[in-house]
Amino acid sequence: MKEPEGLLRNEPMSRHTTLHVGGAADFFISCINEDGLLEAVEWAKAKNKPLLIIGAGSNLLVSDDGIEGVVIKLDGEFKVLKQVSPTLISAGCSVFVPELSRYCAEKGLGGLEFARGIPGSLGGALVMNAGAYGHSIGELIRSVRLFRDGNFFTINKKEINFGYRESGFLHESILLFAEIELVPGSAEKLEETAAEFMRKRKERQPLNAWSAGCAFRNPPGEKAWKLIEESGAHLFKVGGAEVSGLHKNFIINTGKAHASDIWRLMCMVKDKVKSETGIELEMEVKKVGRW
Ligand SMILES: Cc1cc2nc3c(=O)[nH]c(=O)nc-3n(C[C@H](O)[C@H](O)[C@H](O)COP(=O)(O)OP(=O)(O)OC[C@H]3O[C@@H](n4cnc5c(N)ncnc54)[C@H](O)[C@@H]3O)c2cc1C
């Protein structure tokens, strides 16, 4: 079988993650349209290689030993944004969420101001049901086009079980496009609201450091950062990995961390919080690759 166009071998995943760690993916393919995606999936299947789809890598902890099989990233047509009716936007799942938020605000379409500082792709944001300031992306979705079990199809929002940082079965599919329903508003006011969210974020989050955002999910009725601070786990460091002084649920790579440092630090933080508070933190960051 012919190799998919643009296939890369031993592609360092540190280039594709905001933590800037991770060994090489055996194979890496950027797919620019549905035909390209089908070709990549069929090639991986014929070679019996596992597949992993990634977005902007802003919620991933990739092993130092890399990723077995084929990593797929969407590009080209999956980066296109279109207004399809006065309040409906169609977006490819590779669109960067801050860009989508800005595009909508400029058109006087409100709803995505909260998402201005979420540095992920639309696909990753849908899988994670990314959210902030009391809102999450799932609230605004009308439909999602996806690829699953060898077929392309479109599903409506009511078929998706969006929850806190989860989206039912979406993580088992490759998400391609979504329709997003917005509310008309003043472009100027929407921009002001988004800027205010960004100001708050800059005050509370280490945006210039390498991280994957919140390392742990907030347990019901609790804030993970608070549990980490109260347990004293925020003082831990492993190699080049440490807990951010600004936001105690962010684990940062100070420049030379290995994925194994970050993982060990996460385990130490989790154990300390458990022994001090009895609460078991769950990871929000997705650990992928050969661990
Ligand atoms: C500084 C910083 C701030 C952050 N702030 C927030 C915040 O406020 N709120 C929040 O919720 N998150 C936040 N995050 C985390 C992260 O940005 C979100 O989880 C984001 O939605 C992940 O998107 P991604 O494209 O980077 O996904 P990736 O990290 O690339 O992947 C995440 C998961 O989605 C899957 N995936 C990605 N694309 C697709 C696709 N097209 N089809 C199927 N599966 C796919 C991957 O397989 C993986 O399981 C922050 C991260 C950083 C670094």
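Domain bounds here come from an automatic or database domain assignment. With that in hand, the protein splits into domain 1 (8-74), domain 2 (79-204) and domain 3 (224-284). Keep in mind that this is a predicted model, where local features need pLDDT of at least 70, side-chain atom pairs count only at pLDDT 80 or more, and totals for chains, interfaces and linings use all residues. Residues are numbered from 1 along each chain as its sequence is written.

Let's start with the ligand. Its shell takes at least three residues from each of domain 1 (8-74) and domain 2 (79-204). In total, 33 residues surround the ligand, and the closest are Gly55, Gly120, Gly123, Gly124 and Gly213.

Helices (H or I, at least four residues) and strands (E, at least two) are DSSP runs, numbered from the N terminus.

The largest share, five residues, comes from α3.

Next, the helix pair. Helix α5 (residues 224-231) packs on helix α6 (residues 259-277) at about 75 degrees, with the axes 9 Å apart. Axes are lines fitted to C-alpha atoms, for helices over the stretch in contact, and angles run from 0 to 180 degrees between N-to-C directions. That is why α5 and α6 are roughly perpendicular to each other (65 to 115 degrees, versus under 35 for roughly parallel, over 145 for roughly antiparallel, and oblique for the rest). On the α5 side, Leu227, Ile228 and Ser231 make the contact, and α6 brings Val269, Lys272, Val273, Glu276 and Thr277. Contact means C-beta atoms, placed from the backbone, within 7 Å. These residues divide into four nonpolar, two polar and two charged.

As for the domains, the centres of domain 1 and domain 3, taken over C-alpha atoms, are 27 Å apart. Their contact takes eight residues from domain 1 and seven from domain 3.

Finally, glutamate 106 lies in helix α2 (residues 97-106). It counts as exposed because it has 11 C-beta neighbours inside 10 Å (exposed is 12 or fewer, buried 20 or more, partly exposed in between).

Technical notes: A residue is near a molecule or strand if its C-beta atom, placed from the backbone, lies within 6 Å of it. Two residues are in contact if their C-beta atoms, placed from the backbone, lie within 7 Å. Ala, Val, Leu, Ile, Met, Phe, Trp, Tyr, Cys and Pro count as nonpolar, Asp, Glu, Lys and Arg as charged, and the others, Gly among them, as polar.
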